[in-house]
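Have the sequence and the 3D view open side by side while you read.

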Amino acid sequence: MGFVMQIVHSTFTNLVYYFENKYMSGAQRMPLYDIGFDLFPTLTGTWWLFSDLLIYLMLAFIVAFLVLSLFVSLKTEHGRPIYAVFVLKRYLKTLVILQILRIMSFSFTLLPGASKQCVYEPSQEQLDNTDGEYPLSSFVYGSAPEIGDAEEWNPPETWQEIVFRIDPSTGCGDLMFSSHTIFAVLAVMVTWDYFPFPGTKGFITACLILLVPFTLASRKHYTVDVFTSLYVVPIVYELLRLKHSDDDTVGAFESKYGIRFEQDRSDPLSYLVEIRKVSHSIHLDQLPRDFRHRQTFTPPDHKSNIDYEGEENGSYETIGTESEGTLSPERLNTNTLTTRMPSQQDLSTVHLGV
């Protein structure tokens with residue numbers, strides 16, 4: 001759904017570009033005054049592309065950690081295992097909602113772009129009403145004459161171009177609210193939520209801080225476009241997370257995806273994940289957090305046993321087992337299950353606190 005939405009979003013950005021060319025006059029295509037533009041010089045050449053490169057860098061940063069999580073068990077501050085599919089799902093689900101809101105914002109109110117390819121510059125003769133071919137009225141009324149179009153002005157003219165053209169950088173009209181900032185803020189939210197490693201949060205946040213002035217200096221968006229994204233994206237992200245949390249619990253994995261986690265009965269230090277009735281070995285750090293909190297141990301001989309944890313001659317928390325299967329505190333309807341280590345002469349004593 002997320003990838004399909006990118007095609008839909010691209011189609012609407014092309015459509016609004018087509019509308020600007022067909023319906024807006026030269027006067028309407030003149031850039032709006034923006035105080036933010038007064039703070040930063042206009043960028044040209046390679047520097048004009050810098051904001052786009054920052055976006056690609058931030059997205060590559062997220063993708064790199066997603067790929068790394070498939071091969072390396074990453075230990076995080078929050079203690080939850082990182083499942084790449086849930087990170088990608090969170091990013092794309094939020095992006096889809098934001099792009100729907102964005103399409104609704106820029107499709108009904110046409111705004112003149114201030115970027116180099118969008119700026120309309122009428123000739124002095126046209127403004128003085130001395131140009132016989134393009135009088136002043138042609139600048140004020142009707143669609144803008146080609147005489148004032150920028151060299152890079154290239155709106156789609158056929159429905160094929162509207163649907164199939166992919167051009168994320170040089171469109172015009174899709175301003176409110178900033179798509180550049182949407183991708184960047186989402187990258188920051190995902191990094192802080194799933195990859196809060198030393199240095200990662202600082203790096204991704206620094207990229208966002210750097211992106212804002214470069215987006216304004218390249219005139220790709222007005223200040224209001226950028227500022228709106230800075231608060232809309234976190235609000236939508238957090239509301240979706242509250243309403244649709246990650247299905248990363250044992251129960252959710254089994255009920256929604258048919259995936260089961262269990263302890264290997266032949267090796268108490270190994271764990272298995274069953275996917276489509278096929279079991280695979282899995283590292284402890286990749287288990288759902290609630291599974292690790294309630295894990296049990298069934299020895300290979302299926303006799304009543306005690307699993308000891310702790311230092312020698314100390315007190316130990318234990319989980320009992322019986323021949324029918326795992327005997328967890330929930331099955332015993334007990335609150336505690338404790339024991340002490342036996343001496344050389346004594347037998348172990350087990351106390352079940354009911």
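This is a predicted model: local features need pLDDT of at least 70, side-chain atom pairs count only at pLDDT 80 or more; totals for chains, interfaces and linings use all residues.

1. The protein has 354 residues, and 44% of them are buried. Its secondary structure comes to 13 helices and nine strands.

2. Now for the surface and the contacts. The protein exposes about 19,900 Å², with carbon and sulfur atoms supplying 61% of that area. If you take the contacts with a separation of 6 or more, residues 24 or more positions apart account for 72% of them.

3. Next, have a look at helix α4, which covers residues 84-108 and includes Thr94. Is Thr94 buried or exposed? Thr94 has a relative accessible area of 0%, so it counts as buried, the cut-off being under 20%.

4. Which residues does Thr94 touch once you leave aside its neighbours within four places in sequence? You'll find Leu186, Val236, Tyr237 and Leu240 in contact with Thr94.

5. Then move along to strands β2 (residues 271-275) and β3 (residues 278-282). They pair in the antiparallel sense, and five bridges link them. To get your bearings on the pairing, find Tyr271, which stands opposite Ile282 in β3.

6. Last, the turn. β2 and β3 form a hairpin, and two residues sit between the strands.

Methods
Residues are numbered from 1 along each chain as its sequence is written. Side-chain values use heavy atoms; hydrogens and water are left out. Two strands pair if DSSP finds at least two bridges between them. Helices (H or I, at least four residues) and strands (E, at least two) are DSSP runs, numbered from the N terminus. Buried means under 20% relative accessible area, exposed over 50%, partly exposed in between (1.4 Å probe, protein chains only). Contact means heavy atoms within 4.5 Å. Accessible areas come from the Shrake-Rupley method with a 1.4 Å probe; for residues, only the protein chains shown count as cover.
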